[in-house]
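My entries follow the display.

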Amino acid sequence: MRTIATPIRLALFLLLTTLGGCASQPVSVPAAEPVIAPVAVSAEENLNAVLWFQTSAEYEALLLQIFADATDALSVALADPNWSAAPEQLQPPAGLRPAVVVDLDETFLDNSAYQARLLRDGGRFNDASWNAWCEERRATAVPGSLQFAQAAAELGIELFYVSNRDVSQQQSTIDNLRALGFPNADPAHMYLRDRERGWGEKGPRRIEILRTHRILLMVGDNLGDFSDEYKGTPAQRQALLQAYLPWWGERWFMLPNPMYGSWEQALIDYDYRLDPATQRERKGAALRMD
């Protein structure tokens, strides 16, 4: 057995670091041959992703661009009574009120400070620390999101917040949104995860909204914010993207999030029970070398 030279091991580590990944889920460096004393990497693997999210002008420019395009799309969608952005509502009936459905975390609310704390503490995502963060009500507005929300409200379009935050976090979430000036920050427009109501995935929540509203646009940072068919292999997820190709940038608006998401989960078969070394090996195997 021979070891991989240090520069090569460092290069592999840096490649994986740039991928970001969830700060709560450390992974291991892949190698074509066994490696003596493999590097044990913690939450720091998410360092570049969090720094890009928090400090890069490129991220902010991209967000401003996306929300400007989404704002322009509002008037077009509002003027067309047959327009719908919901896959569950291809033919909207007449008389429905207009609505926009948005995700919250890393779509309207910036929680990168929570990710930064995990980096500082060498911690992993867990319910207790996440709940404590939500209770602080200190998430900031994602660049461009507040202006978009206010533009929708001025057109008489209601915003519905369809988020996978737990229903127990409803009041702290409403308080956070209100403090930032977001419209429709109230229980009637808050559709959080509630398993007792069958609100695990987002489709059933959209169906509830569609009883009274026509969904003009949807905005999110995860494929699951747009379709419940997002849980597949990377190839299957690409096929889903292609199936709705005309909708992207017209009815559906995707925001970048390199810190965490179902893109990462797909690489490990949605199984966080795997040990960190196995997770990291599977992620490394997804790297393209040509």
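**Pockets**

I sorted the lining of the largest pocket by class and got eight nonpolar, 15 polar and 13 charged residues. For the classes I counted Ala, Val, Leu, Ile, Met, Phe, Trp, Tyr, Cys and Pro as nonpolar, Asp, Glu, Lys and Arg as charged, and the others, Gly among them, as polar. The model is predicted: local features need pLDDT of at least 70, side-chain atom pairs count only at pLDDT 80 or more, and totals for chains, interfaces and linings use all residues. Residues are numbered from 1 along each chain as its sequence is written, and side-chain values use heavy atoms, with hydrogens and water left out.

I noted about 1,200 Å³ of space in the largest pocket. A pocket here is an open set of points on a 1 Å grid over the protein atoms alone, where a 1.4 Å probe fits, with protein on both sides within 12 Å along at least five of seven lines; lining residues have an atom within 4 Å of a point. Its lining has 36 residues, and Phe-125, Asn-164, Arg-193, Tyr-260 and Gln-265 are the closest to the centre. Strand β4 gives the largest share, four residues.

I then turned to the second largest pocket, which holds about 740 Å³ of space. I found 22 lining residues, with Pro-234, Arg-237, Gln-238, Leu-241 and Trp-263 nearest the centre. Helices α9 (234-243) and α10 each give two or more residues to this lining. By class the lining has 14 nonpolar, four polar and four charged residues.

**Helix pair**

I looked up α3 (residues 57-79) and α6 (residues 145-154), which pack at about 5° with axes 9 Å apart. The two are therefore roughly parallel (angles under 35 degrees). The contact (heavy atoms within 4.5 Å) involves Phe-67, Ala-70, Thr-71 and Leu-74 of α3 and Ser-145, Phe-148, Ala-151 and Ala-152 of α6. I classed these contact residues as six nonpolar, two polar and no charged.

**Salt bridges**

I counted 15 salt bridges in the structure (a side-chain nitrogen of Lys or Arg within 4 Å of a carboxyl oxygen of Asp or Glu). One joins Asp-105 and Arg-165, at 2.9 Å from N to O. Asp-105 sits in the loop between β1 (97-102) and β2 (109-110), and Arg-165 in strand β4, 60 residues apart.

Technical notes: Axes fitted to C-alpha atoms, helices over the stretch in contact; angles between N-to-C directions. Parallel < 35°, antiparallel > 145°, perpendicular 65-115°, else oblique. Points joined across faces, edges and corners; volume = space filled by probe spheres on them.
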